[in-house]
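Please look through the structure below with the following paragraphs beside it.

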Amino acid sequence: MIKVENVWHHYGIRPILKNVSLQVEEGELIALMGPNGMGKSTLLALIGGLLSPLKGHVEIDSLKRRSSIEAEKSIRKKMVYLPDRPFLPPDVTGREYALAIGRLYDVEEQRLMEQTDKLLEIFDLDKNSDSSISSYSTGQQKKIGICAALATEAPILVLDEPFSGGLDSSALLALSQILKKLAERKDVTVVMAVPVPELVEPLAHKIAVIAEGKILACDSANGLRQQTGCSGSLLEVLETLIHPKSRENISEYLKG
Amino acid sequence: MKTFWQTLSRVFHKYLVWSLIGYLILMFILDLVFSYAGAPERIREVSSGYSFVILFCYGFSRVWRFHPAFKKDYITLLTLSPWNSSKNLPRGPIHPFWADAVIISAFMLLTLLFPVYNCWILPMYFIIGYNFGMLISFLVTRQMRFVAVYILLAPFVVYPHFNSTIVSIFVLLLMMSIGLYAVKIYLKQFPWNTNWWKANQLEELRTKAIQERVAQWPFQDLCDRNVFSIGYPLGVFIAAASFWFMHVINWYFYKLNGTQPEGVFFMMISFYIAMFRFGRYMLKYHPPISFFGRFRTGRLIIPGYDIVLVGPIAVLIAGIVMPLLLKKIDAPHHIAFELSTSIAIFLCLACPPSFEKWHYTGKHRIAKIPIWPTRTMRTNQVNRVFRNLVK
């Protein structure tokens, strides 16, 4: 279980997260949505352990992040955080990279090799897997990052914008199916930032909407519909939540 | 006779042959040059220096080549074979034996061609190299008590007698005897407890991924891994050993030149130590809020992060401010500088938070600092390209 309690975070003088609280149950898949620059990636980095909150705290399975060496080690064993753009060593092959990351998480060697092979094939990287990462396109670099994170088989996945960054349609489909399966299994907890509502609705148990550094709502897609009284698409629900006046503004603009 | 040459060739490595050939050619050329320049006696200095280097390297190589701790394939061989410590080592003994005496004597005879100062002390340099090799082997096999004994004893080679060759040789032989005794004891503990010794393949691969910098930000920083941290006992030992060495070096310079090294030299050491601590703790672990951000938000001090500054500041106070104050009250040189520098070293190594605690619990943000993968990885890449071309 992931518990974010009263977290504040600043960049310079700009408060990016203001007293944010969030709870993700074990086996849940939660998608963070909201406008750009409103703190989705910051919240994920705080959960992932890359950042430390200025106020408040993050708990993983009842262990407070950065409270003690033992607690932190225990958390790190079961959580993998994939940022939007991880550092990919250019001279290393995709396969070597994915295996190296898997090894950091003590995945049994034989299983790691098999899983990596499968993932490389799923993401259509099998032909390039033994070429250096520097020869990969932007989309392929995104794919190898995802493969590496999945190869760890960590029970908690924190993924920052896994669907963006030039993924082709087959990779989008593959990733959404993998995440859907993980969500169904109920033993893997996933928190991810996704900008596209269409991808989220069939996957996520809950959607947390962040704007202006605050969580406006956190519920299932239908729950959000009920909350907003909007029965349209998830995009419309989000718009109603984040920019309640945007529809009127658009109509006025079109009137001329 | 055949056995004699076989045994001799075992210790007589090809590098030694090349260095001897190099020695002869260089000395021959220099002899001509110095004779032409009208300073034939200069050859003695060069010949002495070169001979010392050759014998030091030979002594070191005797341990390096014959001690199982340095060769992975040798370890595997011993582990898989029915060898035990009561049997001889299959690739030859670690301890010096008659073949070494033959080689050293032959080299001493060779110096008749190009004479050296004090030909009879040449074996001393072999022993120095040998003891140095032993010290490294203790470190590799984690025989820390023998490391401590060696570090404690080493300065007695010159201290406090300064110029007594007999005492120097006695101390060196004593160290060598302790080393051989140590080998006898810890060969019984084979296989030793070192990282690569345990054949824990997974741990080795994990470390390799980090060492070769394949796994980097953020995975390397956010996974559970061993972070090297020096505790109080080791910190005290290193600081005490530093004090001991600084004291002897200081004393040696005084005996040699009649003056002691300038105090500023010690203060520079402390400054670099503080910078080292600062860099190690802060290069990758940045503050949660920028420097100007602190002023803008009125959060001048962030306790969870600023604790990291205590170490370097304490080092600077102990290593720079304290000696200046001590000098003002006419404290002796060794108290003012050697002791304060040792305290600075101790603070650098052991001042809280430990690096492990900082890595796991510090209120920092882990910065993305890409480092190019190591040469091994690049070599592998080049090899792959060549293999593909050949295919």
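This is a predicted model: local features need pLDDT of at least 70, side-chain atom pairs count only at pLDDT 80 or more; totals for chains, interfaces and linings use all residues.

In chain A, six strands make up an open sheet in the order 6-7-8-3-9-10, and their pairing is mixed. Two strands pair here if DSSP finds at least two bridges between them, while the strands (E, at least two residues) and helices (H or I, at least four residues) are themselves DSSP runs, numbered from the N terminus. Strand 6 (79-82) and strand 10 (214-219) of chain A stand at the edges of this sheet with a single partner strand each, so one side of each is left without a neighbour in the sheet. On average, and with direction ignored, neighbouring strands of this sheet are turned by 15° against each other.

Residues are numbered from 1 along each chain as its sequence is written, and chains are lettered from A and ligands numbered from 1 in the order in which they are written.

Contact means that the C-beta atoms of two residues, placed from the backbone, lie within 7 Å, and axes are lines fitted to C-alpha atoms, for helices over the stretch in contact, with angles that run from 0 to 180 degrees between N-to-C directions.

Helix 5 (residues 138-151) of chain A also packs with helix 3 of chain A, at an angle of about 30° and with the axes 8 Å apart. That angle makes helix 3 of chain A roughly parallel to helix 5 of chain A, since angles under 35 degrees count as roughly parallel, over 145 as roughly antiparallel, 65 to 115 as roughly perpendicular and the rest as oblique. In this pair, Gly94(A), Tyr97(A), Ala98(A), Ile101(A) and Gly102(A) of helix 3 meet Ile144(A), Cys147(A), Ala148(A) and Ala151(A) of helix 5. By class, the contact of these two helices has seven nonpolar, two polar and no charged residues, where Ala, Val, Leu, Ile, Met, Phe, Trp, Tyr, Cys and Pro count as nonpolar, Asp, Glu, Lys and Arg as charged, and the others, Gly among them, as polar.

A second sheet of chain A is open as well, with four strands in the order 2-1-4-5 and antiparallel pairing. Its edges are strand 2 (14-24) and strand 5 (63-64) of chain A, each with a single partner strand, so one side of each is left without a neighbour in the sheet. Strand 1 (residues 2-11) and strand 2 of chain A run antiparallel and are joined by seven bridges; His10(A) stands opposite Pro15(A) in strand 2, and Tyr11(A) has Arg14(A) as its bridge partner there. The hairpin of strand 1 and strand 2 of chain A has two residues between the strands, and in it Gly12(A) takes a positive phi near 65°. Helix 1 (residues 40-48) of chain A lies across strand 1, strand 2 and strand 4 (55-60) of chain A, running at about 125° to strand 1.

Met1(A) is found in the segment before strand 1 of chain A. Leaving aside residues up to four places away in sequence, Met1(A) touches Val24(A), Glu25(A), Glu26(A) and Asp61(A). Because Met1(A) has 14 C-beta neighbours inside 10 Å, it counts as partly exposed, a class that lies between buried (20 or more other C-beta atoms within 10 Å of its own) and exposed (12 or fewer), with C-beta atoms placed from the backbone.

Where chain A meets chain B, the contact takes 34 residues from chain A and 35 residues from chain B. Helix 2 (69-78) and helix 3 (94-104) of chain A each supply at least two residues of the side of chain A that touches chain B, and helix 3 gives the most to that side, with six residues. By class, this side of chain A has 16 nonpolar, eight polar and 10 charged residues.
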